Amino acid sequence: PYPEEFNRRAISLMADIHLCPTQGNIQHLYDEKVGGEKFIVGNTVLDNLVGITTQKQNKVLITLHRRENLDNIEEWFEALNNVANQYNHLEFYYPMHPNPQIQQHKNKLTNVNIIEPLNHDDLINLMKTCNFIITDSGGIQEEASFLKIPTLVCRDSTERTETLNLTSWLVAPDNLVSFVEMIDKNLLKIPKNYICPYGKGDSSRLILEILRRYYNG
């Protein structure tokens with residue numbers, strides 16, 4: 001499910017500088033015994049989130065598009081619709097991917113607000129108002145973890161393991177309702193001392209400092 005991992009491993013063999021988002025990422029490079037200098041800098045995607053404050057408005061963001069979910073997308077839609085029907089005090093918003101394999105089943109979502117795909121700024125503006133998020137997106141897992149928004153991950157596994165059972169939880173269609181119930185009853189809580197493992201939102205500054213030292217001596 002991670003085709004980009006081939007590119008990462010191929011480039012790692014050639015790189016002089018490795019700019020790693022997390023401690024776990026840098027450890028993988030040491031385990032692989034690749035050369036080059038290695039630094040932990042966080043993920044640059046979080047730089048755009050600095051200063052954003054969350055304000056829950058009983059909204060829930062849904063994104064579902066990964067190809068490993070396409071074979072059982074109808075099952076996921078049934079589970080999502082059950083959740084939306086049971087928790088009608090919440091507003092569910094689904095910026096639906098244009099993939100025809102997804103679009104052909106959208107009529108199964110009778111209590112979900114299906115909207116057009118959003119640009120990044122609009123997505124973040126919606127995300128910051130959400131009580132929680134239901135997604136199969138790795139990027140959203142990172143952004144939600146930075147904003148401390150509980151996230152239900154519609155996957156069997158995730159490469160963003162650092163936040164599992166802290167800000168994110170793996171779910172399946174048959175247990176989605178029970179996880180939503182736990183979040184709605186505040187039984188799944190993000191620890192008060194939680195620190196986002198993907199950085200502080202200063203990755204660009206750290207990267208610039210490293211490159212200046214490397215190339216200017």
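This is a predicted model: local features need pLDDT of at least 70, side-chain atom pairs count only at pLDDT 80 or more; totals for chains, interfaces and linings use all residues.
Biologist: How does one describe two packed helices?
Modeller: Two packed helices are described by the angle between their axes and by the distance between those axes.

Biologist: At what angle do H3 and H7 pack, and how far apart are their axes?
Modeller: Helix H3, residues 73–86, packs with helix H7, residues 176–184, at an angle of about 35°. Their axes are 9 Å apart. The crossing of H3 and H7 is right-handed.

Biologist: Which residues meet there?
Modeller: From H3 there are Trp76, Ala79, Leu80, Asn82, Val83 and Gln86, and they meet Leu176, Val177 and Val180 in H7. By class, the contact of H3 with H7 has 7 nonpolar, 2 polar and no charged residues.

Biologist: Which residues are buried in H7?
Modeller: Leu176, Phe179, Val180 and Ile183 are buried in H7. Viewed down the axis of H7, the buried residues fall within an arc of 100°, so they line one face of the helix.

Biologist: What do the buried residues of H7 pack against?
Modeller: They pack against H3 and also against strands E6 (130–135), E7 (151–153) and E8 (168–170).

Biologist: Turning to H5 and H6, at what angle do their axes cross?
Modeller: The axes of helix H5 (residues 120–127) and helix H6 (residues 138–147) cross at roughly 45° and come within 11 Å. That angle makes H5 oblique to H6.

Biologist: Which residues make the contact?
Modeller: H5 contributes His120, Leu123, Ile124 and Met127, while H6 contributes Ile140, Glu143, Ala144 and Leu147. By class, the contact of H5 with H6 has 6 nonpolar, 1 polar and 1 charged residues.

Conventions:
Residues are numbered from 1 along each chain as its sequence is written. Side-chain values use heavy atoms; hydrogens and water are left out. Axes are lines fitted to C-alpha atoms, for helices over the stretch in contact, and angles run from 0 to 180 degrees between N-to-C directions. Helices (H or I, at least four residues) and strands (E, at least two) are DSSP runs, numbered from the N terminus. A crossing is left-handed if the near helix is turned anticlockwise from the far one by less than a right angle, and right-handed if clockwise. Contact means heavy atoms within 4.5 Å. Ala, Val, Leu, Ile, Met, Phe, Trp, Tyr, Cys and Pro count as nonpolar, Asp, Glu, Lys and Arg as charged, and the others, Gly among them, as polar. Buried means under 20% relative accessible area, exposed over 50%, partly exposed in between (1.4 Å probe, protein chains only). The arc is that of the directions from the helix axis to the C-beta atoms. Angles under 35 degrees count as roughly parallel, over 145 as roughly antiparallel, 65 to 115 as roughly perpendicular and the rest as oblique.
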